[in-house]
Amino acid sequence: MHRLLGSRHVLGWLQVAPLALVLVVFLVLPIVMIVTVSFWRATEFSIIPAFVWENYEFLFGSSVTYRVFLNTSKYAVITWALTLVIGFTVAYFLAFHVRTLTWQVALFLVCTIPFWTSNIIRMISWIPFLGRNGIANSTLISWGVIDEPVEWLLFSDFAVILAFVHLYTLFMVVPIFNTMMRIDPSLIEAARDAGASGVQILWNVIIPLTKPGIMIGTIFVVTLVMGDFITVRFMSGSQSANVGRLISNDIALLAYPSAAATAVVLLLTVLIVIGILLRFVDIRKEL
Amino acid sequence: MTKLSRRNVLKGGAAFAAGSTLGAPMIWAQNIKDVTLRQFGTGVSNLNEVAQKVKEDLGFTLEMTALDSDSVTQRAATQPNSFDIADIEYWICKKVWPTGNLQAMDTSKIKNYDKIVGIFRDGKLTPESTIAQGTAPHSVGFTSGPDGTDFVDNESGWMTLIPTIYNADTLGIRPDLINRPISNWSELLNPEFKGKASILDISSIGIMDMAMVVESMGEYTYPDKGNMTREEIDLTMAIFTEAKRNGQFRAFWKSFDESVNLMASGEVVIQSMWSPAITAVKSRGIPCVYQPLEEGYRSWGGGIGLSAALTGLERDAAYEYINWYLDGWVGGFLMRQGYYSAVPETSKNFMSENEWGYWFEGKEATDTITSPFGDPLAQAGDVRDGGSFNDRMGAVACWNSVMDENQYMVRKWNEFIAA
C-alpha cells in the first residue's frame with residue numbers, strides 16, 4: 001500500500017482526481033448529453049432517442065437561424081466595442097490618474113456597487129426610465145429638446161445594447177485594471193525620457209501591455225452577450241430575437257432536441273470566436 | 001396506525017361530526033390530516049387562499065406551484081411523479097392526456113356533476129347554442145374508461161379534467177387614450193395605433209387572437225381557427241409580420257405582469273389581455289376596458305386532473321378536494337375576480353346579491369363591488385364589460401386550442417418574433 005502510494009504516477013493521478021472528477025461530472029457530461037440529445041427526435045410531448053440529422057437540417061435550412069445568429073453577433077460586436085472603450089477609459093483613470101492605493105481601491109469598489117443588486121433588477125429598472133412617459137422623455141420634453149416623446153428609447157435595439165453595456169462594462173474594467181496595475185511604472189518613465197508623447201506612450205507601451213486584460217474582458221463580454229436571452233427579451237419587448245431566445249422558446253415548447261442542436265451550434269460559434277481571439281494574445285503567458 | 005384510545009376515538013368522532021355538517025364525507029378523518037397533495041398549474045387559480053381554505057375545511061395540505069402555460073404543459077407531459085393534481089387548461093389536456101400521465105375520473109363520485117355547465121358536458125351553453133371553433137372543452141373532457149388515453153364525444157362517465165374555471169377573453173383598451181368606440185378585432189392592426197399595440201407572445205393563444213383579427217379584417221375566413229392548415233398559418237403570420245415590420249407593435253408580452261405594466265404606463269393602448277390584468281390596471285385608478293367585440297370572444301377553460309400515480313388515501317382526498325371545489329366557496333372566490341365557476345349555482349351561496357347581479361347577471365351594481373382582496377373594482381351603477389354570463393359565454397367565437405400543425409405553427413411563430 002505504502003509502495004503504491006509512494007509511486008509518483010499514482011500520487012499524481014490522485015492529486016488531479018478531485019478536479020478531474022468535478023470537471024467530468026459538471027462540464028463534460030452535460031455537454032456530451034446536449035450533443036447526444038441534439039440528434040434525438042421530438043414530437044410534441046415526447047422525446048425519442050434516435051440518431052437523426054433533422055434538427056440540424058432544420059436549423060441550417062431556415063433563414064431565421066442566420067438572421068438570428070447575425071443579430072446575436074451584432075449585439076456582441078457593438079456591446080464589445082462600447083464596453084471596451086468605456087472599460088479601458090475607466091481602468092486607465094483608476095490605474096494612472098488616481099495616485100494613492102487607498103483611493104484606487106475605494107473607487108474600484110464604487111464601480112462594483114451596481115453589482116450589489118441582481119442582474120434582472122438592474123435591467124428592468126431601465127424600463128420606467130426609458131418608457132414613452134418615462135423619466136428620460138419627460139425630462140427632454142421639459143427642457144424643450146424634443147416635442148414628442150422619443151419612441152426608440154425603449155423596446156428597441158438601442159435599449160438592448162444600453163442594458164448590455166450597463167450590465168457588462170465591469171467585466172471589462174476588472175481585467176484591464178488588473179493588468180494595468182502590473183505595468184512597471186519605470187517603463188512609462190523610460191518612454192517619457194526617450195521623448196515619447198502621451199499618445200505615443202498609450203499606443204506603444206500601455207495598450208500592448210494591457211492586451212491580455214483586454215482579451216480576458218473581451219471573452220467575458222462576448223460569451224455573456226452571446227449566451228444571453230433574458231435581457232433581449234425584456235429590453236426589446238420580445239420584438240427582437242437572439243440565439244438564447246431561440247433556445248429558450250424551444251425549451252418552453254418541449255423541443256429539447258432542437259434546443260440542444262441550437263445550443264451546440266452556439267457553443268461551437270463561441271469557441272471559434274474565442275479560438276480566434278486567443279491567436280492574437282497568449283493569455284497564459286501573462287497570467 | 002395510531003393506537004386506539006379514548007382520546008383518539010373522541011377526536012375522530014369530533015372530526016367526523018365536523019365533516020358531516022360540512023356535507024363532505026370525511027373518511028379516515030385522522031389520516032387525511034397527514035395527506036399532502038401537490039398541485040401545480042397556471043397562476044390563474046393557484047391561489048394561496050384556496051390552499052388555506054382547504055386546510056380549514058378538509059384538513060389536508062395542498063401545496064401550490066404556479067407556472068406559465070408552457071412550463072405547465074412541459075411538466076405534465078414529462079414529470080408525472082412531480083405532482084398529484086394538475087390544474088391545466090383544456091388545450092393543454094389535449095396535448096398531455098395521450099401520454100397517460102393523468103387518470104380518468106369517475107363522474108359518479110362527483111356530487112355536483114349534474115350541475116356542471118353544459119359547455120363542459122355536451123358543449124352547449126343552452127340547447128340552441130352552436131359550438132365554437134377550437135379545442136372546445138367537452139371535446140377533450142371525456143375518455144372511454146378508467147384507463148382510456150383517448151377522447152370520446154359523449155358523456156361517458158369518465159372525465160379527463162374536472163372543469164373549475166373559465167372565461168371569455170377579448171382585447172383590452174385604454175378608453176382615455178383612444179377616445180372613440182372600438183368594436184372590432186381588426187382595430188389591433190389599425191395604423192392609428194401604430195407603435196401602441198401589443199399581442200401576447202404565447203404561440204398557442206397568440207395565433208388565435210391573430211386569427212380573430214385576420215377574420216375581422218376580412219382577409220380570410222377560416223374553416224376552423226382552432227386547427228389551421230399550413231397555408232392558413234403562413235397567411236396569418238404574413239399579415240402580422242408585415243404589421244410588425246411597419247412598427248405596429250410596441251412590445252409583446254409573455255407574463256401577466258408585463259401586460260399590466262404595458263397598459264398602465266400607457267406604452268400600449270390596445271392589446272390582447274386577460275381579465276384579471278384589466279382588474280389590476282383598474283385598481284391603480286387607470287381606466288381600462290375589457291372591450292366586447294362584434295366577432296365574439298376567444299375563450300379558455302381550465303380544470304383539475306389527477307396524476308396517474310395517485311392512489312388510495314391520496315386519491316380519496318383528491319376526490320374530496322374536487323367535490324369541495326365545485327361546492328361553491330372557490331367558485332364565489334373566482335367569480336368575484338371576474339372568472340366563471342363550472343357550477344355557478346353553488347357559487348351563488350357564497351356571493352352577495354349585488355355581486356351575483358354584477359358578475360353573473362350583468363346587472364347594474366347596487367353598491368361598490370370589491371375584489372376578494374378588498375380593492376374596489378366598480379361603483380354603484382356600473383355594469384360589467386360584456387354583460388351577463390349568457391351574453392359573454394354565448395358569444396364565444398373560438399376556444400384556445402392546439403393544432404395538428406402545432407409544430408409548424410411554433411416554428412412560424414419563432415420566425416415572426418425574429419422577423
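How many helices and strands are there in chain B? In this predicted model, the count for chain B comes to 15 helices and 18 strands. Chain A, for its part, has 15 helices and 2 strands.

For chain B, the globule rule for 419 residues puts the radius of gyration near 22 Å, and the chain comes out at 22 Å, so the figure agrees with that of a compact globule. Its C-alpha atoms fill a box of roughly 80 × 50 × 40 Å along the principal axes.

A compact globule of 287 residues would come in near 19 Å, but chain A has a radius of gyration of 24 Å. The box around its C-alpha atoms, again along the principal axes, is roughly 80 × 70 × 35 Å. Of its 287 residues, 30% count as buried. Contacts in chain A with a separation of 6 or more are 70% made up of residues 24 or more positions apart.

One element of chain A that deserves a look is helix 2, which runs over residues 8–37. With 30 residues, helix 2 spans 40 Å from its first C-alpha to its last, close to the 44 Å expected at 1.5 Å a residue. The helix is not straight throughout: a kink of about 45° lies at Ala17(A), shortly before the proline Pro18(A).

Two residues of chain A stand out for their backbone angles. As background, most residues other than glycine have a negative phi. Phe155(A) is not a glycine, yet its phi is positive, at about 55°. This residue sits in the loop between helix 8 (135–142) and helix 9 (157–181) of chain A. Phe155(A) counts as buried because 28 other C-beta atoms lie within 10 Å, and the cut-off for that label is 20 or more. Ser238(A), also not a glycine, has a positive phi of about 65°. Its place is the loop between helix 12 (230–235) and helix 13 of chain A. With 22 C-beta neighbours inside 10 Å, Ser238(A) is buried too.

Helix 13 comes up again where the two chains meet. The contact between them draws 19 residues from chain A and 23 residues from chain B. On the chain A side, the elements giving two or more residues are helix 4 (63–97) and helix 13 (243–252). By class, that side of chain A splits into 9 nonpolar, 6 polar and 4 charged residues.

Where the domains touch, 25 residues come from domain 1 of chain B and 23 residues from domain 2 of chain B. On the domain 1 side, the elements that give two or more residues are helix 4 (90–96), strand 6 (133–134), strand 8 (162–169) and strand 14 (297–307) of chain B. Helix 4 of chain B supplies the largest share of that side, 3 residues. Sorted by class, the domain 1 side holds 11 nonpolar, 10 polar and 4 charged residues.

Finally, there is Ala378(B), found in strand 17 (residues 376–378) of chain B. Why does Ala378(B) count as buried? The label applies because 20 other C-beta atoms lie within 10 Å of Ala378(B), and 20 or more is what the cut-off asks for. Setting aside neighbours within four places in sequence, Ala378(B) is in contact with Tyr358(B), Ala365(B) and Ile369(B). Ser82(B), by contrast, is 296 residues from Ala378(B) in sequence and 41 Å from it in space, C-alpha to C-alpha.

Terms used. Residues are numbered from 1 along each chain as its sequence is written. Chains are lettered from A and ligands numbered from 1 in the order in which they are written. This is a predicted model: local features need pLDDT of at least 70, side-chain atom pairs count only at pLDDT 80 or more; totals for chains, interfaces and linings use all residues. Two residues are in contact if their C-beta atoms, placed from the backbone, lie within 7 Å. Helices (H or I, at least four residues) and strands (E, at least two) are DSSP runs, numbered from the N terminus. Ala, Val, Leu, Ile, Met, Phe, Trp, Tyr, Cys and Pro count as nonpolar, Asp, Glu, Lys and Arg as charged, and the others, Gly among them, as polar. The expected span of a helix is 1.5 Å times one less than its number of residues. The bend at a residue is the angle between axes fitted to the seven residues ending there and the seven starting there. A residue is buried if 20 or more other C-beta atoms lie within 10 Å of its own, exposed if 12 or fewer, and partly exposed in between; C-beta atoms are placed from the backbone. The radius of gyration is taken over C-alpha atoms; the globule rule is 2.2 Å times the number of residues to the power 0.38.
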